[in-house]
Amino acid sequence: MALLVTPEPVMGIRAHPFRLPDIDRRMTTLEDVRGERGTLLMFICNHCPYVQAIRPRLVADCRELKAEGIGVVAINPNDPHQQPEDSPDRMRQVAQEFDFPFPYLFDGTQETARAYGAVCTPDFFGYDSKLQLQYRGRLDPRHRDARQQGDRRELVEAMREIAATGLGPIAQHPSMGCSIKWTR
């Protein structure tokens, strides 16, 4: 498993439209998940230890953001032939087990991940109310370790700043995680 870091973002680029199936095989679009005050789009998966380590706090943070008018969606871009743990059936089990407060979509063609330039899981994209990129950073400074008292909740803070001002923070730290398992 290769550890990758997200590249330097191009702020202000518009979110790419998508139409992907959720865990119940219902088609979901960007407009379906768009939030009134901003939108958080994340590429995650089931098998990656970086995602597994942050999952409980990610769910809690996303629940807060949704309550504040920020749309949230997660997309699994991985090839399930390479990582059976990332299959749609397993996605449903994980989403139910952790009570995901957001749609969990499967990018079977990987076209959406490529359009966004996603490179790893987790990979976070924070958009303003006009769907212009304002944040591409990490959840918090802990990656695979438990959050400590006094740690900044960078993703939550960034999305709240975007919701309030339309702009993300100047200082943004890249996310890091497992490489996307591209179809061979």
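Me: Which residues touch the most other members of the largest nonpolar core?

Reply: Within this core of 33 residues, Leu40, Met42 and Leu58 touch the most other members. Two or more residues come from each of strand S4 (38–43), helix H2 (49–67), strand S5 (70–76), helix H3 (88–97), strand S6 (104–106) and helix H5 (154–165), and H2 gives the most, with seven residues. The model is predicted, with pLDDT of at least 70 needed for local features and 80 or more for side-chain atom pairs, whereas totals for chains, interfaces and linings use all residues. Residues are numbered from 1 along each chain as its sequence is written, and side-chain values use heavy atoms, with hydrogens and water left out.

Me: What makes a set of residues a nonpolar core?

Reply: The members must be buried Ala, Val, Leu, Ile, Met, Phe, Trp, Tyr or Cys residues, joined through side-chain atoms within 4.5 Å. A second, separate core of 18 residues includes Val33, Ala113, Phe125 and Leu131. As for Leu58, it touches Met42, Ile44, Phe124, Leu139 and Leu155, residues up to four places away in sequence being left out; contact here means heavy atoms within 4.5 Å.

Me: Why is Leu131 called buried?

Reply: Buried means under 20% relative accessible area, while exposed means over 50% and partly exposed lies in between (1.4 Å probe, protein chains only). Leu131 has 0% relative accessibility, so it counts as buried. Leu131 sits in the loop between strand S8 and strand S9 (133–135), and its phi is positive, about 65°, although it is not a glycine. Most residues other than glycine have a negative phi, and most peptide bonds are trans.

Me: How do you know whether Gln110 is buried or exposed?

Reply: At 1% relative accessibility, Gln110 falls under the cut-off and therefore counts as buried. Gln110 lies in the loop between S6 and helix H4 (111–116), and its phi is also positive, about 65°, although it is not a glycine.

Me: What makes a stretch of the chain a helix or a strand?

Reply: Both are DSSP runs numbered from the N terminus: a helix is a run of H or I with at least four residues, and a strand is a run of E with at least two. The chain has five helices and ten strands.

Me: How do you know how compact the chain is?

Reply: Its radius of gyration, taken over C-alpha atoms, is 15 Å, close to the 16 Å from the globule rule for 184 residues, so the chain is as compact as a globular protein of that length. The rule itself is 2.2 Å times the number of residues to the power 0.38. The C-alpha atoms fill a box of roughly 40 × 35 × 30 Å along the principal axes, and 52% of the 184 residues count as buried.

Me: Where is the cis peptide bond that has an omega of about 5°?

Reply: This bond joins Thr121 and Pro122, and Pro122 itself lies in the loop between strand S7 (120–121) and strand S8 (123–127).
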